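Let us take a walk through this model together. Please keep the sequence and the structure at hand as you read.

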Amino acid sequence: MRANARRLRQYGLPLGLFVVLYVGLLLPAMSPVASAYAILDNLTVLGLATLGVAFCMIAREIDLSVGSTVAVSGLLAIKLSAFGAPTSILLTTIIAGAYGAFQGFLIHRLRIDSIVLTLGTLILLRGVAYLFTDSALRLDDPADGDVFLTRVGGVFTVASIIAVVAYLVLGGVLRYTKPGREVYAFGGARSEAIAAGVNGRRVLITVFCVSGLCAGLAGSVSAYQSASANPTSYGDLLFAVFSAALLGGVSLKGGRGSAINVFLGVGVMGCITAAFSIRGSSYYEAQLTTGVILFAVVTIDWLLARRWASALARRRLELRHTWSGDSSTTSGRLTI
Amino acid sequence: MSRSTVAMERGDAGSADVRRATVRRPSIRALALPLTFVALTVIGAILTPGFSTAANYRAVMLSAATTGIVAVSMTLVTMSGNFISLACSQSAMVAALGFAGLVGAGVPWPIAVVVVVIGMALIGAFQGVAIAMGLDPIITTIAAGAVMLGAAAAVSNGAQVTFDRVLTPFLSSVQPLGIPLPIYVFVLVSAALGWLAHATALGRRILLVGANRAAAHLSGLSAQRVTVVVFVVFSIGTGIAAILAIAPVGGGDTTFAAPLTIDVAAAVIVGGTILHGGRGSPLRSALGAVIVATIDNLMILNGFSFGERQVAKGVVVVIVVVTIIVLERGGRR
């Protein structure tokens, strides 16, 4: 029963929110195909960036520099566009991934708090973006980017298919492979995981590498889509990424969340953005709404967690009475 | 997040941290910052023509003043273990536009100042209560920032909010002894919060809550109350800085103060305040703000581009962060 309650909290809340917003906000205004397209369109930049940051969050780390990384990646992809779109995107993604891995290595080596280091790299990379250019960079031939805007099957674009593939691959790695399992263990109960032989360095390098890869892919594909990149853009991506991850049910406290959660969260964000833009309201009103919803959801989640924790504490107490020993069912993740 | 792990690792060292911070034994770290500043000024004066003039020093201080007032008020938040507010820009923007709107609507400026300060105190209290309840400071401040930005854009319709500077004579143009008002306020706020942090019981409480929350709880301190207080102080400080920033300009839109968050974070970090709390000093953040402004000024005078200046700021921040961590570990071993 407790497993059910947990699954309800992890998937039920975000799914319910998504359905309510989709049926209540989006469907009255758009056809199902158009609304599906609008939501999937969100998957390229916000979706990929959130997926990468979610890896860090599951490992109980934070990458604050995601917006700057996406901006630099976009500029880099345009700079490398002489090699052709596929090579340019691949190169950018690899460079961003290598940079992310290095960041993860530093966090492990210096035992520095990831929030602190990535706050520094957030400032640093924004400066690097301005080093590329003071204004927008454009593709020599804007038509090069058209392929990523091509619609496939009515609801997809080539760009959103790339994102879906990334979701399937990374989501599979997270769920079914040993390195993925280690991310959960490391985030959920760090000291126990390390005691059980999880290699902390590998986990940190993996999650920050994935965060870099995703940001690189998001930035480069989106630069091709719009045939330009700007050093000022993505300053507010961090808020959208955190909102998507948290609304989707990924926990900041580590150990909880999956690619499905991220997808749901991005879907919720997509509903809000699309509903507001079709009504012609400003982008900021969508932000305001997102902020309010985020406060509400985080508070509900916190209340649930507290109730759940006190129920667990009671149960633990009962167990202790019965066995007069410490219960082995407790895991670090459950303590709030 | 690894913040709590760090706190756990510290464990017993937490109380030692507090002692070290409160006894204020002069150490390399304490002297490093003033020495950096002196070195910067001397090198700047020798290598850069036009740096060591009264007008330029005034310009440096003026550009440090707004960032500095916010950074100094933010330091209490950081010391209490609540990271930093990622909504500095938005808080300042809301306060500035609120002030501009009130004065533009004919409200006398002293009343407008009071209303804005009270409003900011409420905004700060709201965030403080949310965080004290157990919400994450990063999420709370980012979400609050989005709400403030959205609300300001909805109210102002994204347009400029302006007022006639004749209505705010004291704030806009008074320069006692030729020094602009924001610099006086910067010095005053730094002194007041420096005193609060180092010489009052509240300051000790903030430090203890930041250094070791469990120990603070066991000694009967309410981390919740401290959290609310520091956010109220931060918010009021940001409001004052915003009023001083918008008064000479006469208006602004929702992009007002956009780079503030990064500049404030840089100032607090360069000042050497530990981002997971338990140690720090508002006065050092003030010096941090002045150092960041001095570096910026030197680079402008030497013809560096905006991008190069941002990179320099980022490099300095990363170097300081890493150095503090390494020194810290060396000291504890």
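A word on conventions comes before the tour. This is a predicted model, in which local features need pLDDT of at least 70, side-chain atom pairs count only at pLDDT 80 or more, and totals for chains, interfaces and linings use all residues. Residues are numbered from 1 along each chain as its sequence is written, while chains are lettered from A and ligands numbered from 1 in the order in which they are written.

Start with chain B, whose secondary structure comes to 15 helices and 2 strands. Here helices (H or I, at least four residues) and strands (E, at least two) are DSSP runs, numbered from the N terminus. Of the 333 residues in chain B, 53% are buried. A residue is buried if 20 or more other C-beta atoms lie within 10 Å of its own, exposed if 12 or fewer, and partly exposed in between, with C-beta atoms placed from the backbone. Among the contacts in chain B with a separation of 6 or more, 81% join residues 24 or more positions apart; two residues are in contact if their C-beta atoms, placed from the backbone, lie within 7 Å.

Now look inside. The largest nonpolar core has 215 residues, and those with the most contacts inside it are A:Ala49, A:Val241, B:Ala96 and B:Ile243. Such a core is a set of buried Ala, Val, Leu, Ile, Met, Phe, Trp, Tyr and Cys residues joined through C-beta atoms within 7 Å. Helix H12 (residues 223-246) of chain B gives the most to this core, with 17 residues. Leaving aside neighbours within four places in sequence, B:Ala96 touches B:Ala242, B:Ile243, B:Ala245, B:Ile246, B:Gly252, B:Phe256 and B:Ala257.

B:Ala257 lies in the loop between strand S2 (251-252) and H13 of chain B, and has a positive phi of about 65 degrees although it is not a glycine. Most residues other than glycine have a negative phi. B:Ala257 counts as buried because 28 C-beta neighbours lie inside 10 Å. B:Phe83 also has a positive phi, of about 55 degrees, and sits in the loop between helix H4 (54-79) and helix H5 (88-104) of chain B. B:Phe83 is buried, with 25 other C-beta atoms within 10 Å.

Where do the two chains meet? The contact takes 40 residues from chain B and 39 residues from chain A. On the chain B side, helix H1 (3-10), helix H7 (137-156), helix H13 (260-270) and helix H15 (306-332) each supply at least two residues. H15(B) gives the most to this side, with 13 residues. By class, the side of chain B that touches chain A has 25 nonpolar, 11 polar and 4 charged residues; Ala, Val, Leu, Ile, Met, Phe, Trp, Tyr, Cys and Pro count as nonpolar, Asp, Glu, Lys and Arg as charged, and the others, Gly among them, as polar.

Finally, turn to chain A. The axes of helix H3 (residues 43-58) and helix H11 (residues 200-226) of chain A come within 7 Å and cross at roughly 175 degrees, which makes H3(A) roughly antiparallel to H11(A). Axes are lines fitted to C-alpha atoms, for helices over the stretch in contact, and angles run from 0 to 180 degrees between N-to-C directions; angles under 35 degrees count as roughly parallel, over 145 as roughly antiparallel, 65 to 115 as roughly perpendicular and the rest as oblique. The contact of H3(A) with H11(A) has 16 nonpolar, 4 polar and no charged residues.
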